[in-house]
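Have the sequence and the 3D view open as you read.

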Amino acid sequence: MRDVYIIGTGIHPWMGFSEKVFSDFAAVAVNGALKDADIEWNKIQTIMAGIFIYGGNAGHLSGQYLESIFGETGVPVVNVYNACATGSAAIRMAYNSVAAGETDTALAFGADVSPKGFLTAKSDNAVQDRDVIRWKMTGMPNPVYWALECRKRMAKYDTTEQDLALVKVLMSEYGSKNPDARFKKAYTLDEVLNSVYVCEPLRLYEICPVSTGAAAVIVTADKELISKADKTVKINATTMGSSMYGDPTIRISAVSCPAVPEASMLSESYSASHQAYEKSGIGPEDVDVLELPDNSSWHYLVYLEVCGFCKEGEADKMLRDGETKIDGKLPVNPSGGFSSHGEALSAQAIWQVIECANQLRGRCGERQVKEPKVAMAQTYGLMGNSGTTIISI
Amino acid sequence: MGNMTNMVARIPNLVDWSTGEVRLMSAKCNSCGTYFFPKEHYQHRPGCSREGVEDALLPSKGKLASYTIQHYPCPPPFKTEKNITPYGIGLVEFENEKIQVAGIITDTDLKSLKLGMEMETTTLTMFTNEEKQEVVTWAFRAVK
């Protein structure tokens, strides 16, 4: 396998619902990545596209729609869906194509327009699509799953409502310094603790909404392109994981879970992260900046444990001791996280990798971590989807 | 709980009340020992021969393993005749079957909820259909 480098990244800033179409947002991100890499469109030898599930035929063929905007060149275009880890799948396929020598330069992108309001069922066939059951029979929107796990955590460890609120305080402070974030207001602990419950113990400011956004990455092994890029970033590993038997987490979409654990919680993310450690030879102790999927404050805490940054039940202490601040031992989510962005399904994993790359390239202004050398982006998608990307400079 | 003779489940094959007791319709794999709910949510142990899967009703009683109180109405296709928010959602553990199942908490003071408390399976009438039948889901309530 060849070494693969990120040479260009582009983002359309995150925002709320828009009347514009997803491919307009995708084009902004891809254009930004081409400019950043300083290359022409015809250098792209394959396109790995994240599917926009609410976009009908166009959304399911997002790569073809994007290609026609920039000019059709006949290259392989693959469209992929892995729930909120869709972007991880696109990056991994781009990496694998280049690392294997199939192509020299590949594009991965994702773009999503917020579906306006709550996410809900996508079919009416409960036998084929079990997701229908939780909507019709148990009235469980996604945050309910996080709340059920959060309650278990609070009973098992000493996680408090203050800890949950403190996550938002930190995330909102960093989000206020990120021009690409959707939410830019910094909140105090009292403001968070006074926000209404959505599903106890989680409050309104402790969960993330759905957003509009787009992100694109260009990777290459082409020496000429590498040499002219502005601070190339090496991909040390980019992996995906699925769930493991006996994972006690109640998985979004399911209405049951094992009562006796035989695997890690969020085992799909345990799998993806530990595969990445093994492939890269880089361990959690080597990571200088981490982007994790803080869909809720509970995720922020549990992900530090699942990915091995501390032992089970110790994440709260890391948070309270300031270890996860930008100037702490392990800066976590200097971007402001999902808390400040919201979820744009097919784009968010790519945006996390871009934040990591921007940190390594020293492009993050007020939220810049001091001279990081290694960064890790960790994603999470429902029904057993996860991806990990470790990069270095 | 509604009138058992005039009830219909909103989605079939999930909840049974034919014995007079309300019980969840699970399936058990006799090869790997895993219980599934719903029945089609296969969760075999890797390497299992997957032979001998049979229907199994879960016990009517279990313990509350977690809960939340949902403060916003769930979007469609969730449907109830009356607004039930805020409503509790519990995760109830059936110890011998080594499975936890989620469901709406009904007929229980939400302030009294405590982890580990005993819960029983019941039905919750969501709405009445055109045939004047009570359309129900499974639910959990504190054992009195």
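## A predicted model

Keep in mind that this is a predicted model.

Start with strand 12 of chain A, which covers residues 386–392. Is this strand mostly covered or mostly open? It's mostly covered, with six of its seven residues buried.

Strand 12 of chain A pairs with strand 8 of chain A (residues 233–241), antiparallel, through seven bridges. It also pairs with strand 11 of chain A (residues 374–378), again antiparallel, through five bridges.

## Where chain A meets chain B

Now for the contact between the chains: chain A puts in 35 residues and chain B puts in 36. On the chain A side, the elements giving two or more residues are helix 5 (131–138), helix 6 (142–156), strand 5 (197–199) and strand 9 (256–258). Which element gives the largest share? That's helix 6 of chain A, with six residues.

What sort of residues does chain A bring to this contact? Its side has 25 nonpolar residues, plus five polar and five charged ones.

## A pairing across the chains

Strands can pair between chains as well: strand 9 of chain A joins strand 8 of chain B (residues 99–105) in the antiparallel sense, over three bridges. To spot this in the view, look for Ser256(A), whose bridge partner is Val101(B).

How values were computed
Residues are numbered from 1 along each chain as its sequence is written. Chains are lettered from A and ligands numbered from 1 in the order in which they are written. This is a predicted model: local features need pLDDT of at least 70, side-chain atom pairs count only at pLDDT 80 or more; totals for chains, interfaces and linings use all residues. A residue is buried if 20 or more other C-beta atoms lie within 10 Å of its own, exposed if 12 or fewer, and partly exposed in between; C-beta atoms are placed from the backbone. Helices (H or I, at least four residues) and strands (E, at least two) are DSSP runs, numbered from the N terminus. Two strands pair if DSSP finds at least two bridges between them. Two residues are in contact if their C-beta atoms, placed from the backbone, lie within 7 Å. Ala, Val, Leu, Ile, Met, Phe, Trp, Tyr, Cys and Pro count as nonpolar, Asp, Glu, Lys and Arg as charged, and the others, Gly among them, as polar.
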